[in-house]
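Please keep the sequence and the structure open while reading.

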Amino acid sequence: MSTSTITTQKVTFKVFRFNADEDYLPYYENYEMEVTSEEVVLDILNRIKWDHDGSFSYRRSCRHGICGTCAIKVNGKSTLACKESMNGLVALFGNELTLEPLSIKRAIKDMIIDKGDFWEKHEAVTPYLVTDVNEAPTHENLVSPAEANTLDEADLCIQCGACHYACPVVAINEDFFGPAAFAAAYRFEADVRDEDGTDRISAMNESAQGVWDCVKCFECQEACPKEINPIEKIGKLHNMIFQKDVAVSNVATRHAVGFHHSIKRFGVLDEGGLVLYSEMAGIVKHIPVAARMFVKGKIVPPWGITKSDNMDEIKKLVASSTTAKF
Ligand code: SF4
Ligand code: SF4
Ligand code: FES
């Protein structure tokens, strides 16, 4: 039988404190603790409340990484408190750790935030199966393993909000659905039993709220404690928008189409052609930059592009990698 040694180390926690009913501004309080190698962040939150200040507030329920209530930030890193080991965090950041809520601007009391915007976005993407339910079924509605696999683990989302509050677009655009809502939309769009038609996917295509306003920073992928990888689902929603024929012409959709054409034609990216295709009339504002890039050899005219040596292979890959209508 293997035995593991429990070690302890001193850690200073700088903890965000704020009570929206009493405080004008938030402040930070320091707690020094001996932390054991067996503890997770939730143990520390409990000890602050139980041993130091009974008014300290945070959310937790299952303690098994399932309910999604305990997500906070440690040194800016989104963390599921009941899952994240103290050992790992100390190894990453050292012995001074700052505990903060997922969103400081939404703080109500200490680690507790108002997640109203998160739930509104979730509700807005129709996060359920739209189908005519037979109220007297004679057999199970079976889904094959291959069909279940297309959900790509989006169904494992625990609605913790870590990705949502890590997203820079959510922070500045109150219309943007956000990565968790996109993952939920994908989960039902990809379900073979769903009969929503084009309503849900059309909402994904709308400017400001939809997938085209994602800046592809991958913060949501970094933040997710369940490895849902929302940015990957956003990419799949892009394809579904074309497959379901609801794409409308805008800079983002033309960019996707221009990219496809460029690779199919040259096997490499035609930067100049891509901007021209994406921007159309809006190209005028890029002319000064384009001229400087041309002079520096950063962009070349189509007749100057050296095609890839593997065009046959690339054409096969392009044909096999998409079923989208362009
Ligand atoms: S990749 Fe897109 S959805 Fe994810 S955090 Fe960045 S902007 Fe937000
Ligand atoms: S996608 Fe991941 S980070 Fe986002 S809400 Fe779901 S579980 Fe949390
Ligand atoms: S307490 Fe439920 S996920 Fe952490």
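**Briefing**

G258 has its place in helix 11; helices here are DSSP runs of H or I with at least four residues, numbered from the N terminus. This is a predicted model, in which local features need pLDDT of at least 70 and side-chain atom pairs count only at pLDDT 80 or more, while totals for chains, interfaces and linings use all residues. Residues are numbered from 1 along each chain as its sequence is written, chains are lettered from A and ligands numbered from 1 in the order in which they are written, and side-chain values use heavy atoms, with hydrogens and water left out.

- Leaving aside residues up to four places away in sequence, G258 touches L274 and Y277, where contact means heavy atoms within 4.5 Å.
- The C-alpha atoms of G258 and Y277 are separated by 5.8 Å, and the two residues are 19 residues apart along the chain.
- Helix 11 (residues 251–266) packs with helix 14 (residues 311–321) at an angle of about 150°, and their axes are 8 Å apart (axes are lines fitted to C-alpha atoms, for helices over the stretch in contact, and angles run from 0 to 180 degrees between N-to-C directions).
- Helix 11 contributes H260, I263, K264, R265 and F266 to this contact, and helix 14 contributes M311, I314, K315 and V318.
- By class, the contact has five nonpolar, one polar and three charged residues (Ala, Val, Leu, Ile, Met, Phe, Trp, Tyr, Cys and Pro count as nonpolar, Asp, Glu, Lys and Arg as charged, and the others, Gly among them, as polar).

**Ligand shells**

- Ligand 1 is surrounded by 13 residues, the closest being C167, C214, C217, F218 and C220 (a residue is near if one of its heavy atoms lies within 4 Å).
- Helix 6 (168–172), helix 9 (219–223) and helix 10 (230–243) each supply at least two residues of the shell around ligand 1.
- The shell around ligand 1 has eleven nonpolar, no polar and two charged residues.
- Ligand 2 is surrounded by 13 residues, and C157, C160, G161, C163 and C224 are the closest.
- The shell around ligand 2 has ten nonpolar, two polar and one charged residue.

**Cysteines**

- C217 is partly exposed, at a relative accessible area of 36%, whereas C224 is buried, at 14%.
- There are zero disulfides in the structure (a disulfide is a pair of cysteine sulfur atoms within 2.5 Å).

How values were computed. Buried < 20%, exposed > 50% of the residue type's maximum accessible area, 1.4 Å probe, protein only.
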